[in-house]
Structures are given as structure tokens and as C-alpha cells.
Amino acid sequence: MIIQFFAVIVAGIVLFRKMLFQKAKNLENQVVLITGGAKGLGKEIAMQLAKYNCKIAIADLDMANAEKTCDELRTQGTLDVKAYKVDVSSLAEIEHLKTQITKDLGPVDIVINNAAIIMIRSVQEENPELLQKMIDVNVMSLVWTTRVFLQDLIDKKRGHIVSISSIGGLFGAPDLHVYSTSKFAVRGFMEALYTDLLRYDNDKFVKTTTVFPCFINTEHTNNNYKLIKMWDVKSVAKRIVKAIRYDERIVTIPSIAYIFGYKIQIPTFIWRAFIKNMTKPKKN
């Protein structure tokens with residue numbers, strides 16, 4: 001426990017020095033692909049990245065909201081932005097997406113795997129087809145984007161792959177069996193990707209960031225959970241963009257979640273008491 005405590009302190013000092021002395025990288029004219037960017041967190045990430053003059057590609061099945069987001073970005077002065085109708089769980093559609101983006105905006109520099117499905121019901125209650133779709137979108141989409149875009153990033157010696165996990169990827173959450181499974185999978189995939197880049201020294205120019213945000217203020221979470229702070233989507237998006245600019249590999253929101261998710265095991269009696277009281281009574 002003492003060793004873990006000092007490891008956390010050292011990690012904090014290293015991060016502080018990095019933020020204090022490292023210069024933020026220039027994102028101007030970099031082509032950013034955001035999956036699930038039509039609304040919610042993906043949309044807000046696009047809005048924040050537009051401030052740094054990025055070229056933005058939004059991939060989503062919801063074309064009405066995707067086009068609406070593009071119009072808002074253009075109104076703010078971002079002209080190099082385009083929406084694409086894509087099922088991100090399909091490898092063939094991701095491969096076609098790459099061709100389209102390269103033609104319209106140029107080769108992709110930053111991939112943000114944001115698309116996800118959340119269903120707050122137990123594994124016994126939920127429709128099996130929806131559970132399978134959750135795995136396909138939440139997990140396989142980032143497998144496919146990495147497969148399609150990674151080698152290009154390595155070849156040009158520049159790039160960044162960002163994946164949005166969840167606090168549910170650090171701790172199992174009630175009524176989120178499959179969702180938590182998918183977000184733990186995101187964590188595992190990104191750890192393995194980083195290790196592979198490290199092995200061949202490709203980590204020096206292809207960066208990875210895994211983000212573990214707590215519950216964001218949405219209808220789903222407000223109607224189902226208590227005792228948990230709901231985070232404003234704009235503040236979460238700002239933190240993610242900051243992590244991209246400073247090449248942070250792991251980001252938890254709030255920051256203290258890193259300690260409990262990666263370093264310290266919460267005592268069972270405390271965890272039991274919290275879990276028993278964090279969910280709101282189910283409506284019949």
C-alpha cells in the first residue's frame with residue numbers, strides 16, 4: 001500500500017511537470033475523425049477542437065444531427081468539416097470512410113473513438129440483440145478504426161488515437177453489465193495498443209489517450225443514479241482536448257478516479273455500502 005501511495009505521488013509530480021514545461025502541440029489543419037460526433041460528447045469535442053483550426057470529420061448514423069453539428073461549426077468559422085453516414089461497427093464501412101475523408105479533407109491525423117451505446121438494464125432484462133449491438137459499437141468500432149488508420153499514422157510518423165472509455169471501465173456498475181464489459185475492453189485494447197507502439201518505438205510519434213469520464217449529465221444517468229456527480233459535457237470535452245494537446249495517455253474524470261481505478265483497491269465494505277445506495281428505485 002505504501003509503494004502504491006508513493007507511485008501515485010510520483011505519477012502526479014510527473015504529470016504536473018509535463019503540464020508545466022511541455023509545450024502543447026499544434027493541432028492546426030490536422031484532420032480529426034470523431035465517431036459518434038452528431039451530438040452529445042462527440043459534438044462538444046468537435047466544437048472544442050474547432051477552436052484550434054482542425055479539419056473535422058464526423059462519422060455517425062444520425063445524419064440529421066451530424067449535418068446540424070457541421071452547420072454550427074461552419075457558423076463558428078470552421079469550413080473544413082464534413083459529416084459521413086457510417087455504421088462504425090462495420091469494417092467495410094470504416095474502410096470506405098477512410099477513402100472518403102482522404103478525398104474530402106486529407107489523410108486522418110487524429111482518430112477519436114467516441115461512438116457508444118449505453119443501456120441501463122440488467123443482462124437478464126435487456127434484449128439480446130441490443131446487448132450484441134452494444135459490444136459491436138463500443139468495442140469493435142475502435143478495433144476497426146485502429147486497423148484501418150494506424151499504419152498510415154505510423155508511416156507518416158504523426159498521429160493520435162483517442163478512445164473514450166468510462167468510469168464503468170474502471171469499476172463495475174449496477175445494471176451496466178455489458179456496458180462495463182465493453183468499457184473494460186476499451187481499456188484493455190488501448191493498453192495493448194500502447195504496448196505494441198512502445199515495442200517498436202512508434203510511441204514517440206503516434207500517441208494514445210484513453211479517457212475514463214464519470215457519468216455525463218444526460219437523461220439516462222439522471223433517471224437512474226444518485227450519489228454521483230453528473231459532469232457537464234462541455235467541461236468533459238475541454239478536458240479531453242487538453243489531453244490530446246499535451247499527449248496524456250490516461251485521463252480520468254474526476255482525476256481521483258485514477259487512484260482507485262489503477263492503484264488502490266476500495267475495501268469491500270465501503271464499496272458494498274456505496275453500490276447499495278447509488279441507484280434509484282426502479283419504476284414498475
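This is a predicted model: local features need pLDDT of at least 70, side-chain atom pairs count only at pLDDT 80 or more; totals for chains, interfaces and linings use all residues.
## Salt bridges between helices

Side chains of opposite charge can pair when their charged atoms come close. Asp-152 is partly exposed, because its relative accessibility of 32% falls in the range between 20% and 50%. Lys-98, with a relative accessible area of 24%, is likewise partly exposed.

## Salt bridges that involve loops

A salt bridge with an N to O distance of 2.6 Å joins the side chains of Asp-109 and Arg-158. Asp-109 is placed in the loop between helix 4 and strand 4 (110-113), while Arg-158 is placed in the loop between helix 5 and strand 5 (159-164), and the pair therefore ties together parts that lie 49 residues apart in sequence. The two partners are described by separate accessibility values: Asp-109 is buried, at 2% relative accessible area, whereas Arg-158 is partly exposed, at 42%. Both residues also take part, together with Lys-156, in a network of salt bridges.

Arg-249 and Glu-191 form a further salt bridge through their side chains, at 3.4 Å from N to O. Because Arg-249 sits in the loop between helix 8 (233-245) and strand 7 (250-253), and Glu-191 in helix 6 (residues 177-199), this pair ties together parts that are 58 residues apart in sequence. Arg-249 is partly exposed at 28% relative accessibility, and Glu-191 is partly exposed at 25%.

Strand 1 (residues 31-35) is mostly covered, with 5 of its 5 residues buried. In a regular strand the side chains alternate between the two faces of the sheet. Here Val-31, Leu-33 and Thr-35 point one way, Val-32 and Ile-34 point the other way, and all of them are buried.

Strand 1 runs parallel to strand 2 (residues 55-60), to which it is joined by 5 bridges, and within this pairing Val-32 stands opposite Ile-56.

Conventions:
Residues are numbered from 1 along each chain as its sequence is written. Side-chain values use heavy atoms; hydrogens and water are left out. Buried means under 20% relative accessible area, exposed over 50%, partly exposed in between (1.4 Å probe, protein chains only). A salt bridge is a side-chain nitrogen of Lys or Arg within 4 Å of a carboxyl oxygen of Asp or Glu. Helices (H or I, at least four residues) and strands (E, at least two) are DSSP runs, numbered from the N terminus. Two strands pair if DSSP finds at least two bridges between them.
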